[in-house]
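Here's a quick tour of a protein model, written for someone just getting started. Have a look at the structure below, and then we'll go through it topic by topic.

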Amino acid sequence: MHFTVDNLEEIFPLAEFMADSFGPMAEIAVHDITRLENTIVFIRNGQLSGRTLGDTVTNQTRQLAMRAERDGADFVSDYRGRRLNMHEFRVSSYLIHDRQQTVIGLLCISINITELQQAAHVLQTLTETDSDDVQISTEASRSHMTEEPQENIRRITREAVRQFNIPMDKLTKQDRLNIISNIKDRGIFLIKGAVGIVAPELRISIPTLYRYLQALK
């Protein structure tokens, strides 16, 4: 069934409800696609994509909406949106019709999946096993097993340093920033206590590492 309105402002209360329901990890936008530019007439959590009122729908979303209209569909769901503001999005768009059954707008929900992807990478890293490397659990090995997540963090940090092939004492501030960005992209800093493990590996203090992370935001 078509979503039919007299004007797009009728959608705004629903958009507000969706924004409150999905929370800060979802951007909710209403687009007036009768316009070629400045299509956003409503937006919540625009800080995720960096977009504001008056910005324009992506070409990808407009083209998918046009295809859905041709096919007689009411919505397009679960497609990978364009990377915006260093975030990855899973997007769904509902077509809005006027009383003449012409598509005049889109109600879009863009869920930020960046941190979910990073968390998935961390879980995969921490749960990888080698079936040929079977260990017998003893009192000594059990104490080693409790240290495994920390050792994985150290290993990943050292791998990131080795990728730059620069001696630790020769690293510039920008080199360290690049290394920390690499570690952050792998989701390591989502793990509680990771900062306290990574900082000594990079031969910097914990407050310095926090300043680097702040600079990457």
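Which helices and strands each supply at least two residues of the lining of the largest cavity? They are β2 (26–32), α2 (59–70), β5 (89–97) and β6 (103–112). Keep in mind that this is a predicted model. Let's start with that cavity, then move on to the pocket, the salt bridges and the aromatic rings.

**The cavity**

- The structure holds one cavity of 30 Å³ or more, and the largest cavity has a volume of about 130 Å³.
- Its lining is made up of 15 residues. If you want to find the middle, look for R51, T58, T61, V91 and S110, which lie nearest the centre.
- Sorted by class, the lining of the largest cavity has seven polar residues, five nonpolar ones and three charged ones.

**The pocket**

- The largest pocket has a volume of about 760 Å³.
- There are 25 residues lining the largest pocket, and H87, Q118, K184, L216 and K217 lie nearest its centre.
- Three helices, α3 (114–127), α6 and α8 (206–215), each give at least two residues to the lining of the largest pocket. The largest share, four residues, comes from α3.
- As for class, the lining of the largest pocket has ten nonpolar, nine polar and six charged residues.

**Salt bridges**

- Side chains of opposite charge can pair when their charged atoms come close.
- How many salt bridges does the count come to? The count comes to eleven.
- R158 and E201 form one of them, with their closest N and O atoms 2.8 Å apart. This pair links distant parts of the chain: R158 sits in helix α5 (residues 148–164) and E201 in helix α7 (residues 194–201), 43 residues apart.
- Is E201 buried or exposed? E201 counts as buried because its relative accessibility is 18%, under the 20% cut-off.
- Another salt bridge joins R186 to E159, and here the closest N and O atoms are 3.4 Å apart. Again the pair links distant parts of the chain, with R186 in the loop between α6 (173–185) and α7, and E159 in helix α5, 27 residues apart.
- E159 has 23% relative accessibility, so E159 counts as partly exposed.
- Some salt bridges share partners, and in that way E16, D20 and R44 are joined into one network.
- E88 forms a salt bridge with R80, and their closest N and O atoms are 4.0 Å apart. E88 is buried at 17% relative accessibility, whereas R80 is partly exposed, with a relative accessible area of 46%.

**Aromatic rings**

- The count of aromatic pairs comes to two.
- F12 and F42 form an aromatic pair with 5.3 Å from centre to centre. The angle between the planes is 35°, and the pair is tilted.
- Why does this pair tie together parts that are 30 residues apart in sequence? It does so because F12 lies in helix α1 (residues 12–22), while F42 lies in strand β3 (residues 40–44).
- F42 has a relative accessible area of 8%, so F42 is buried.

Technical notes. Residues are numbered from 1 along each chain as its sequence is written. This is a predicted model: local features need pLDDT of at least 70, side-chain atom pairs count only at pLDDT 80 or more; totals for chains, interfaces and linings use all residues. Side-chain values use heavy atoms; hydrogens and water are left out. A salt bridge is a side-chain nitrogen of Lys or Arg within 4 Å of a carboxyl oxygen of Asp or Glu. Buried means under 20% relative accessible area, exposed over 50%, partly exposed in between (1.4 Å probe, protein chains only). On a 1 Å grid over the protein atoms alone, a cavity is a set of points where a 1.4 Å probe fits but cannot get out, and a pocket is an open set with protein on both sides within 12 Å along at least five of seven lines; lining residues have an atom within 4 Å of a point. Grid points are joined across faces, edges and corners, and a volume is the space filled by probe spheres set on the points. Ala, Val, Leu, Ile, Met, Phe, Trp, Tyr, Cys and Pro count as nonpolar, Asp, Glu, Lys and Arg as charged, and the others, Gly among them, as polar. Rings of Phe, Tyr and Trp (its six-membered ring) pair if their centres lie within 6.5 Å; planes under 30 degrees apart count as stacked, over 60 as edge-to-face and the rest as tilted.
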